[in-house]
Structures are given as C-alpha cells and as structure tokens.
Amino acid sequence: MPASPSTARAINDRVALRLLQQEGPLTAGQLKQLTGLSRPTVADLVERLTAAGLIEVVGESGEQRRGPNARLYGIVADRAHLAALDVRTEGVSVVVSDLLGRELARASVPIAYDTGTGPAVEQAVTLVERAAKEAGAERLHTVGVGAPGLIDPATGELRDSSGLPEWHRRLVAALQERLPARVIVENETNLAALAEQRDGAARDRDTFVLLWLGHGTGAAVVLDGRLRRGASGGTGEIGFLPVPGTSTLPSATDCEGGFHSLAGSAAIAELAAGHGLVATAVSPGEPEAAALVRQAVATLSSPSASPFPSPSAFSGADRFLSALADRLAIGAASVVAVLDPGCVVLGGEVGQVGGEVLAARVGERLARMSPLPVEVRASALGGGAVLRGALLTARESAQDDLFAPRSR
C-alpha cells in the first residue's frame, strides 16, 4: 500500500537530513537532484525542517542567478551537543562535539589505581562537566562511553568484571544522575572496531576482526557489516583464550595464562627486555609496550636515527618484533580458524605504532598457519579509536532521535 502523506513527508525529511549529514550544505536544487523529488516537495521539506530548527541557511552557492535555489542549507550543528568518554583503569578522556561531530573541547584526567570509588567517580564526572562548559554546551544530548569489560546485551549496562575498578560501574550511574543526557555504554574494543570501519583501516571491509593491543588485549568481531557481541556480551574476550607458551591456564576470574599473558603490555615489555630493548613513552598513559614497539620499528626502519644504532641493537629489535609476531599470530590464528574474517586489524596503541612492519610479520605467520586467506592491517587510529567510536555512537543515536518523524 502507498505511504500516507504524513509518512511520505517523514521519509523525505529523513532522507534529506541524511544527505545533508553526509554531503554537507546543499542547495534546494541539489537536494532535488539527489533525492529525485519534485521542486515543490523539496521546497516543502526545506520549510518544514527550517521551522523545526533542524536546518538553516549557511551561505550561498556559486550560482550566478540569485534566488531560493542558490541558498545553501545545512544541519544546525549546535542543535545538540555530544560527549564521548574513553574510560581506562588509569584515567578518563573526554571529547565534546556538536551534532555534526566537530570537536569543541577535549580533556583527560589521570586516576590512580588506589583512588577511592567516590573520589574517582567525582573526578570523571567533573571532567565531563568542565569539558561541556568549555565547549559552550548548556546540556549534553547524548554521551557515548567506551569502557573495558562486558556490556550486558539485555540492559546495555557495564557488568561487574574482575580486575576492573569498582568506579567504572559507578561512573555510568553517576553520569545518568548528574547529566540530563542519554548515556550509552559499549565495550572499548567494539567502539574501536566501529571507528576503524568508519574512518580507519577497515573502511573497505564488511567483515573483519580487530585485535586490540594496548595495556590489555581484546578483540572485536564485525561480520557482514554488523558488530557481534555474543549471547552474554563477551565476544572478543581473547585475553582468556588458552594458548601455548604460558605457564598456566586462565580461569573464570583471571586471564593470567591466557593470550593476555603473551600480548598484554606487561608481557610485551618483558619480551623486549629479554632482547635488550628500552624505550620511554611519548605521552602520559601510553602503554610501555607501544613505546618499545615504536622504538624497535624505528631501529629497523632507520638504524642511523636510532639512539642505539649498533648492529646488536638492530638485531635485538628484529628478534623482538619476530618473537612478538609469533605471539600475536597464535591468538589471531585461533580467531581466523573459527570466523574466517578475511582481515585482521592490529588495533590499539601497539598495533598502530607497529605499522606495516609488524602487520607484515604477523601476516606471514598466519599464511603458514592457516589455509584461510587473511590480510593483516595496522590500525590507522590506535588508542584514539575508542574515543572516535564513542563519539560516532553518540552522534548516530542523537541524530536518530532528532531526525525521527514527529507526530503532527
């Protein structure tokens, strides 16, 4: 059956808003051409969306003939303000943006491991409030939160996970109480995968696995364009994967002895020390492993630029990266054998600084270990992928709400 006039108007409005979101400011003539709608229909929807405060005139096109069609219409960016949080065990980072995703403020605060739950939550919430104020946001429409641990697929809440600070769970409730905003929580690795698919190393892939390599380990699975969370939200808890090369087996409450014991930051640092490598982090909060991998790659790429340009240092860096690739290939091979993703992205800070040097070595090993073809890529976004993914999630949620058809 044909759509009713009100339904047709709602559909046309939403199509026009999505085009303005994707293409930027457009004239009424360009909207007519892109939507295939008639000139009167486009004129009506422009009038409706302007009256609703969703679009406004943002300039004029380069057309010589002045008139309604020469006006450029764009989404009202400050109709809503958004925030994204990256919650780590050692601190919190926040970005505030407008409805178009343009960054307006950025801040972070370290939180010591022995900080009490109440003070830790207060530091984090205050950080968000200050960033919003700096951005000129009277209120936040939606807040996207990326955190380690399991997200309950039924409730969308962060589940109690062993080894993670209690303030993580309390933070979400505090944000909901203190901010008149919608709060969306997602596993940090899942958000990183969404960001890599939208803006990073997996832009051309509908199916891939992101292997998170930062302070800890994790994986995110995207199949046929959809993020897969699993029955309990635990898809990708690869740190618990039993692997050869460890002295024990992981348990239900501790990933010691699992893949984490081979590829977590502390394990990589120990491996580097065994090959005589030392390095200093370039930014606060950077995993020690990332600094070590960056130094090793730099030594191989430009020995003369390395602070340790001796042949032994070159050899040590080469052996270290080879040993690390051996370890990463063990975890990646298990994922490839089960899911056949065709592409593995080495994510997080370690994956980004390892670049093509590390990705190529892991790829070579996978080619020998598995009959399934798989491409290994380095992260394009690194640790920043979590914030980017949280912001994308908040933006899409806010736009779904604001662009939704209204009863008339």
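In soluble globular proteins, nonpolar side chains tend to be buried together. In the predicted model, the largest nonpolar core holds 45 residues, and the members that touch the most others are Val 293, Phe 320, Leu 324, Leu 328, Leu 346 and Val 362. Helix 10, which spans residues 311-339, supplies the largest share of this core, with twelve residues. The surroundings of one of these members can be given in detail: when neighbours within four places in sequence are left aside, Val 362 is in contact with Ala 325, Leu 328, Ala 329, Leu 346 and Val 376.

Two helix pairs were examined. The axes of helix 4 (residues 117-134) and helix 5 (residues 166-178) come within 9 Å of each other and cross at roughly 45°, so helix 4 is oblique to helix 5. The crossing of these two helices is right-handed. On the side of helix 4, the contact is made by Thr 117, Ala 120, Val 121, Glu 122, Ala 124, Val 125, Thr 126, Val 128 and Glu 129, while helix 5 contributes Glu 166, Trp 167, Arg 170, Leu 171, Ala 174, Leu 175 and Arg 178. Sorted by class, the residues in the contact of helix 4 with helix 5 are nine nonpolar, two polar and five charged.

The contact of helix 6 with helix 12 comprises eight nonpolar, two polar and six charged residues.

Helix 8 covers residues 265-274, and its buried residues are Ser 265, Ala 267, Ile 268, Ala 269, Leu 271 and Ala 272. Ala 267, which lies in helix 8, counts as buried because its relative accessibility is 11%, below the limit of 20%. Apart from neighbours within four places in sequence, Ala 267 is in contact with His 260, Ser 261, Leu 262 and Arg 327. Just after helix 8, Gly 276 has a positive phi of about 80°.

Most residues other than glycine have a negative phi, and most peptide bonds are trans. Against this background, Asp 224 shows a positive phi near 55° although this residue is not glycine. Asp 224 is located in the loop between strand 10 (217-223) and strand 11 (226-228), and counts as exposed because its relative accessibility is 64%. Asp 340, likewise not a glycine, has a positive phi of about 50°. Asp 340 lies in the loop between helix 10 and strand 12 (343-347), and its relative accessible area of 42% makes Asp 340 partly exposed.

Notes
Residues numbered from 1 in each chain as written. Predicted model: local features only at pLDDT ≥ 70, side-chain atom pairs only at ≥ 80, totals over all residues. Heavy atoms only, no water. Core = buried A, V, L, I, M, F, W, Y, C linked by side-chain atoms within 4.5 Å. Buried < 20%, exposed > 50% of the residue type's maximum accessible area, 1.4 Å probe, protein only. Helix = DSSP H or I, 4+ residues; strand = E, 2+ residues; numbered from the N terminus. Contact = heavy atoms within 4.5 Å. Axes fitted to C-alpha atoms, helices over the stretch in contact; angles between N-to-C directions. Parallel < 35°, antiparallel > 145°, perpendicular 65-115°, else oblique. Left-handed = near helix turned anticlockwise from the far one by under 90°. Nonpolar A, V, L, I, M, F, W, Y, C, P; charged D, E, K, R; others polar.
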